[in-house]
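Hello,

Please find the structure below, as discussed. My notes follow it.

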Amino acid sequence: MEHDLTRGNVLKTIAVFALPYMLSYFLQMLYGMADLYMMGQFSGAAGITAVGNGAQTLYIITVTLVGLAMGTTVIVGHAVGSRRFDRAETAIGNTITLFMGVSVVLAAVLLALCPQIVALIGTPAEAVEGTAAYLRICFVGIPFIAAYNILSAIFRGLGDSRSPMYVIGVACIINIALDFLFIGHMGLGPVGAALGTVTAQTASVALALVWLKSHRTNIHVKRSDLRPQPEVLGSILKIGVPVAVQDGCIQVRLCLSPSSPTTEGSSTPPPWAWSRR
């Protein structure tokens, strides 16, 4: 699993590592896009608006977590490159502790603020109930989003950007299949879309764990590595927080930027006003 990125042709090495990472990013976007497509096939405008608003909100959270996990990728990569596997194990253990704590608190705060978030994103009245239902279910799944991104950061720190791409690709297929079941067959609307997304995210975590354990590495995280160490956490956050803030702000700016004019004769923005990509 460990790949040496310090040898060979520089451009080829960068391309081999970066392209799967970019595809993984795109595949995470497919969660919301697949939900929107299925809602368009089996639901009305209110359902499409609810899922569009909810998916974009969830994507902002996902992008922020991905940015925060970048700190782990860099620290683990440095440690592995210098053959200091003990440092890599400590960084991974502290990342697990940090992300699990952050994700649980974040999920609780977002669940409590769900009505305010729905109002903040300018949800039309007919889509408020569906958007709130979609977001509540997805907020419960935030720890699984965090867990997947922890595992992806570990893979990439070891020089392996392909495995996360394969895992998220399988999870996307699961999500699409569940959308057919929950939205198409069972008619659950936004609730079905959210259930499919959270279930697929849970599957991605399970698949990543199985994949990680099936490959031999020099990394063996111990219980002592989970104990928070201010120096290690500080190094991770010093890199991850600026990236997370930058990427999160970009996504918020895209969401709030002027879009297509409102539908003629309607005082509410069309479904694509918030969920444009």
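**Ser204 and its surroundings**

Not counting residues up to four places away in sequence, Ser204 touches Tyr31, Tyr148, Val167 and Ala171. Ser204 sits in helix H8, and its relative accessibility is 2%, so Ser204 counts as buried. Please keep in mind that this is a predicted model.

**Ala193**

Helix H8 also holds Ala193. With 0% relative accessibility, Ala193 counts as buried. Leaving aside neighbours within four places in sequence, Ala193 is in contact with Asp35, Val51, Tyr134, Asp179 and Ile183.

**The chain as a whole**

The protein chain has 277 residues, of which 48% count as buried. The chain contains 10 helices and 0 strands, so read from the N terminus the order of elements is α-α-α-α-α-α-α-α-α-α. Among contacts in the chain with a separation of 6 or more, 79% are between residues 24 or more positions apart.

**H2 and H3**

Helix H2 covers residues 45-81 and helix H3 residues 85-112; the two pack at an angle of about 170°, with their axes 8 Å apart. The cut-off for roughly antiparallel is over 145 degrees, and H2 and H3 therefore count as roughly antiparallel to each other. On the H2 side the contact is made by Ile61, Leu65, Leu68, Ala69, Thr72, Ile75, Val76, Ala79 and Val80. On the H3 side the residues are Phe85, Arg87, Ala88, Ala91, Ile92, Thr95, Phe99, Leu106 and Leu110. By class, the residues of this contact are 15 nonpolar, 2 polar and 1 charged.

Helix H3 also contains Ala112. The relative accessibility of Ala112 is 56%, so Ala112 counts as exposed. Ala112 and Arg136 are 24 residues apart in sequence, and the distance between their C-alpha atoms is 9.3 Å.

**H5 and the cysteine question**

Helix H5 (residues 128-140) has 13 residues and reaches 18 Å from its first C-alpha to its last, close to the 18 Å expected at 1.5 Å a residue. The buried residues in H5 are Gly130, Thr131, Ala132, Tyr134, Leu135, Cys138 and Phe139. These buried residues pack against helix H1 (10-42), H2, H3, helix H4 (114-120), H6 and helix H8 (190-213).

Cys138 has a relative accessible area of 1% and is buried. How far is the sulfur of Cys138 from the closest cysteine sulfur? The closest one is in Cys114, 10.0 Å away, which is too far for a bond. A disulfide would need the two sulfur atoms within 2.5 Å. Searching the whole structure gives 0 disulfides.

**H6**

Helix H6 (residues 142-157) has 16 residues, which should span 22 Å at 1.5 Å a residue; the end C-alpha atoms are 22 Å apart, so the two values agree. H6 is mostly covered, with 14 of its 16 residues buried. Just after H6, Gly159 takes a positive phi of about 90°.

Regards

Key: Residues numbered from 1 in each chain as written. Predicted model: local features only at pLDDT ≥ 70, side-chain atom pairs only at ≥ 80, totals over all residues. Heavy atoms only, no water. Buried < 20%, exposed > 50% of the residue type's maximum accessible area, 1.4 Å probe, protein only. Axes fitted to C-alpha atoms, helices over the stretch in contact; angles between N-to-C directions. Helix = DSSP H or I, 4+ residues; strand = E, 2+ residues; numbered from the N terminus. Parallel < 35°, antiparallel > 145°, perpendicular 65-115°, else oblique. Contact = heavy atoms within 4.5 Å. Nonpolar A, V, L, I, M, F, W, Y, C, P; charged D, E, K, R; others polar. Expected span 1.5 Å × (residues − 1).
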